[in-house]
Amino acid sequence: MASLLVLIPLFAVIVMNLPLKGMRELSFPAALLLIIAQTGLAFMMPPSFWNMAPPSGIGSNFSLNFTVDALGVVMLISIGLVSFAAIISGWRTIGGTDQTQKADFASILLLCIAGMNGIVMVNDLFSLYVFLEIVAVASFVLISFHRDIWALEGAFKYIIMSAVATIMMLASIGLLLMLAGDTSFATVAAALKSSDRNFLMVLAVGLFTVGLFIKGGLVPFHGWLPDAYSTAPSGVSVLLAGIVTKTTGVYTLIRLVTSVFGFTESVMSILLAVGLISIVVGALAALGQKDFKRMLAYSSISQVGYIILGLGAGNAYGVMGAVFHLFNHSIFKSQLFINSAAVEEQTGTRDMDKLGGLGSKMPVTSTTSLIALLSTVGIPPFSGFWSKLIIIIALWQSANYFSALVAVVASVITLAYFLSMQRRVFFGKLRAGLENITEAKLGNLVPAIILALITIAVGVCFPYILEKFILPIKDIIPLVIKN
Amino acid sequence: MIEKLMFALIAIPAIAGVLALVVPSRIRGAREFIAMLATILNLFIIIALFGKTHSFSYPWVGFGLEFSMRLYHFSSFIILASAGFSFLICMYSTTFMMNKNHVGQFYAYLLLSVAMVNGAVLADNLVVLLFFWEGLLLTLFGMIIIGHKGAYKTAVKAFIIAGVTDLCLMLGIGLVFYITKGNLTISKLNIPLDTALASTAFILIMIGAISKAGSMPFHSWIPDAAVDAPLPFMAFLPAALEKLLGIYLLARISLDMFQLTAFSWVSTLMMVIGSLTILFAVMMALVQKDYKKLLSYHAISQVGYMILGIGTAVPAGIVGGLFHMINHAMYKSCLFLTGGSVEKQTGTTDLARLGGIGKYMPVTFTCFIIAAAAISGVPPLNGFFSKELVYDGALERHWIFYAAALLGSFLTAASFLKLGHAAYLGKESPAVRNVKEAPMPMLIPMIVIAGGCVLFGLYNPLPLNNLIQPILGDKLEGHNYTGWPHSVFLVVMTLVALAAAYANHLFGVRKAGKAIGASDHIHHAPGLSEIYDAAEKGLLDPYNIGLKIAGFIASLAWRIDRGVDWLYDTLTVESAYDLTDIIKEQHTGKYSTYIIWSLVGLLVIILYFSISLI
């Protein structure tokens, strides 16, 4: 069944582009339907559902080696939710009134989703690389979709940096193939484990790790990220920040470290170091931003730092916390990007110094953004509190007291830049010239409200979520600690 | 039955107090009626219970704390006294408080105070005692604050002083709990004072007790309250009920809760506190020019005799101290009531504006003379006998304490000569011409109490045999202190002191030319005048000194707080923004820079991995 998650979107892309009448108008609803189906199924079905053999005739002709586990389920849900928010948010604005452009957008979005689904389910390094490239290329196009000069620059930077990452990963795959004779996760992991470690091995691991750092936008490999996020069309920023970099960079890192590289001391120290630097630099940089979306972009860097920090703890709690935080981050960061899109659409600017007092004019946007930021900072009862708590507990258990301390202190900086954002944009006195602002359009309100409700629900129903989605992750990860 | 009546002693005044508060003021006389009824009932119940012994206990708040009560001769004696005073003062107030503000609150606090005192005295568990003891804090605050608009300052002062000393009491009780490993039943305690911990516990509880009694250095709210609070309050709480309660606890800890022995340092400490209280307060009383304020300083000074007497830890002293407690409650409330009559009839208590009212208010004047003679220790009134016993005890310890007490007597007599002369005799002041005698409900309490002073003096076996001496029990060591003092020396010395006071008064009046200036030669004596000036400015008030220290600590804390604030609000924020600026400067937007960063990062990571290989 798992292969259908890739095959159906690809098939849909082909159908949507058939030169038939009315097909263009149908592409958006069709894409939405597929996304909702994926989200619903991923939420309700256990991993075993996906690992069943596909009905004969359709999938059996494509022998793709896919597996879905508890970690994959969480990712599939995240992909579905964020894509849902992105497509609803972009429905009206993307491509203006041009139906052809809209259809193109839907196609590329589905391609991107297919790529991400593939990343989540693959079992070997080379397939992983292929799907990474699918997502990357789809993302370049999406960022520069409006051919806006700044967006082109952002996309260009992304292409260049991604190319660097690609080179590194491809080189790494080559080395590993040479060492292990195969690229499947299991073989490579076994090869890395059994043989004496040598320079080529660490070079391969290092190259792949750095490639993923670039994809994930971790400091100091993050240079492309603020430009790409902030210049992309609003729906695309949601997708990029919410899930694309998280899947291509962060999920892959979690997967490879847990299943292939193993938790060696040096990998853990590198993860902790990069995580800490990302948290602090991202948060401090966010503090100095005037552009709403740019601020959110830096905030993303900082939050990804938390995920990597959790992973770097090297124990089961750390991995669970990292995955949970990844999920939560995809929810609340998407929501903040939607809110920023709403503000930009209503006022025409993203410069926070030109905004103020919008809370009275856009109460829903203001409230949902407050919920999202409180969740990001880690205030109970919102979802972000629990994932941060698990990460900090994991750090404490693994005796990384300093990292735990920094993680807590950085929350204060997070609170500082977010409250400063909330105050500059939504609270306070209404700035002159903004008297005629109205509440955001439905396209932005609906996903904002849904995501805010999810943030609250996950926080309040945390025991259920923990039991059903987070704790299973512990069982499927072979926690290999190598020295 | 006894148990129910014991509960009634607490419940009836408490319920009546709440009723007095909620009864609408439209119903004329309702509150007065409730109060009178409750105090009469209270009096009857305790008379019925008098002489009986009963104790019981119920499980209470947990932690092994039980609601235990004990009725025996000492507690019934205190309750009887308090019931008598509350009845008389209630009667007095029906007239005095008429047409004043906050009448409902006044009766409510009065009755609640009675309930609290009854509860505290009956309590046989220190926590139960503390419970009722703290309840008095509220009624004290309430009583003062209803005085007038500006009274809240005094009320807060009283509240803080009483609150702090109650805290000491609480700590002391906590220590007792610790020392006895969980036993807080008063009748079962008998802690030897041989460890520092036990002594500390004793002193902490003693602080609570003597401060309730109004001793120095916890006295300074009393003179202020004398001016601010309604007058019956003064006659009721500081002069009578609080003295009874405070000295009751002091006697309990000295007699049976702790093993206080003569010549122990704790006993000496109590005597020193007692002597200093006598002297300093009476020196202040001497120079007062206000009827009520003068009396209030005596209310402090007389506590000194009680603490001195009990502190001697010899039978004569203890009997004297306890006898003085009940005597003082009588004559001091009587004196305050005469002050209230004068205030009610003339509208002032300023001695400069009074004078010659004795002939218009003969009954008040007579009561004043009796009470003033009693407080000065003129034989054969009650104050004389109790003071002689205290002298006896003090002399047994050391002559210096005796000397201090005697000097206090001399000054007491001098100040009352001045007060009586200035208020009731001498030239008639135009302001008070043709004032009338006080109405009956105010006169009866005064007459009753003054009569009691005479009775307790002439027939001192009555109180001593029935009320005081049974308290000591074995500690009496077979002595009997009834009748005329045993030592001729002491009597002669007392008479000499009284004569000296009279001579001094005559000298002062002649020198100043008027009765109110009778103490001026002492007031302005070289060396003393500076001290008096400082005292009048409030510089010597421990409360003010405490406030200054607190103010200093507060400003210090404020500075520290500013520093911490600066650390958070300025240093942290500034350095965060500085870092932000540095980071922003690095993000030039050139992808070449970013690629270099990535490659350098890659290099570092590969290097790190390689190093881990070695």
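Biologist: The model is predicted, so where in chain A is confidence lowest, and where is it highest?

Modeller: Where pLDDT is low, the predicted coordinates should not be read in detail. For chain A the mean pLDDT is 88, with 96% of residues at 70 or more. Confidence is lowest in strand β2 of chain A (residues 481–482), with a mean of 43. The highest value in chain A, 93, belongs to helix α13 (residues 292–312).

Biologist: How many helices and strands does chain B have?

Modeller: Chain B has 22 helices and 4 strands. Of its 614 residues, 52% count as buried. Take the contacts in chain B between residues at least 6 apart in sequence: 79% of these join residues at least 24 apart.

Biologist: How do I read a pair of helices, such as α9(B) and α12(B)?

Modeller: Begin with the axes. Those of α9(B) (residues 231–257) and α12(B) (residues 315–346) come within 8 Å and cross at roughly 170°. Angles over 145 degrees count as roughly antiparallel, so α9(B) is roughly antiparallel to α12(B).

Biologist: Which residues make that contact?

Modeller: From α9(B) they include L231(B), P232(B), M234(B) and K243(B). From α12(B) they include L322(B), H328(B), G339(B), G340(B) and E343(B). By class, the contact of α9(B) with α12(B) has 14 nonpolar, 4 polar and 3 charged residues.

Biologist: At what angle do α7(B) and α10(B) cross?

Modeller: The axes of α7(B) (residues 196–213) and α10(B) (residues 265–286) cross at roughly 25° and come within 11 Å. An angle under 35 degrees counts as roughly parallel, and α7(B) and α10(B) are therefore roughly parallel to each other. The crossing of α7(B) past α10(B) is right-handed.

Biologist: What makes up the contact between α7(B) and α10(B)?

Modeller: On α7(B) it is made by S199(B), F202(B), I203(B), M206(B) and I210(B), and on α10(B) by V266(B), M270(B) and I273(B). These residues divide into 7 nonpolar, 1 polar and no charged.

Biologist: Now the two chains. How many residues of chain B are in contact with chain A?

Modeller: An interface can be read one side at a time. Here 23 residues of chain B are in contact with 28 residues of chain A. On the chain B side, the elements giving two or more residues are α21 (542–586) and α22 (591–613). The most come from α22(B), with 15 residues.

Biologist: How does the chain B side divide by class?

Modeller: The side of chain B that touches chain A has 14 nonpolar, 7 polar and 2 charged residues.

Key:
Residues numbered from 1 in each chain as written. Chains lettered and ligands numbered in written order. Predicted model: local features only at pLDDT ≥ 70, side-chain atom pairs only at ≥ 80, totals over all residues. Contact = placed C-beta atoms within 7 Å. Nonpolar A, V, L, I, M, F, W, Y, C, P; charged D, E, K, R; others polar. Axes fitted to C-alpha atoms, helices over the stretch in contact; angles between N-to-C directions. Parallel < 35°, antiparallel > 145°, perpendicular 65-115°, else oblique. Left-handed = near helix turned anticlockwise from the far one by under 90°. pLDDT = per-residue confidence, 0-100. Buried ≥ 20, exposed ≤ 12 C-beta atoms within 10 Å, placed from the backbone.
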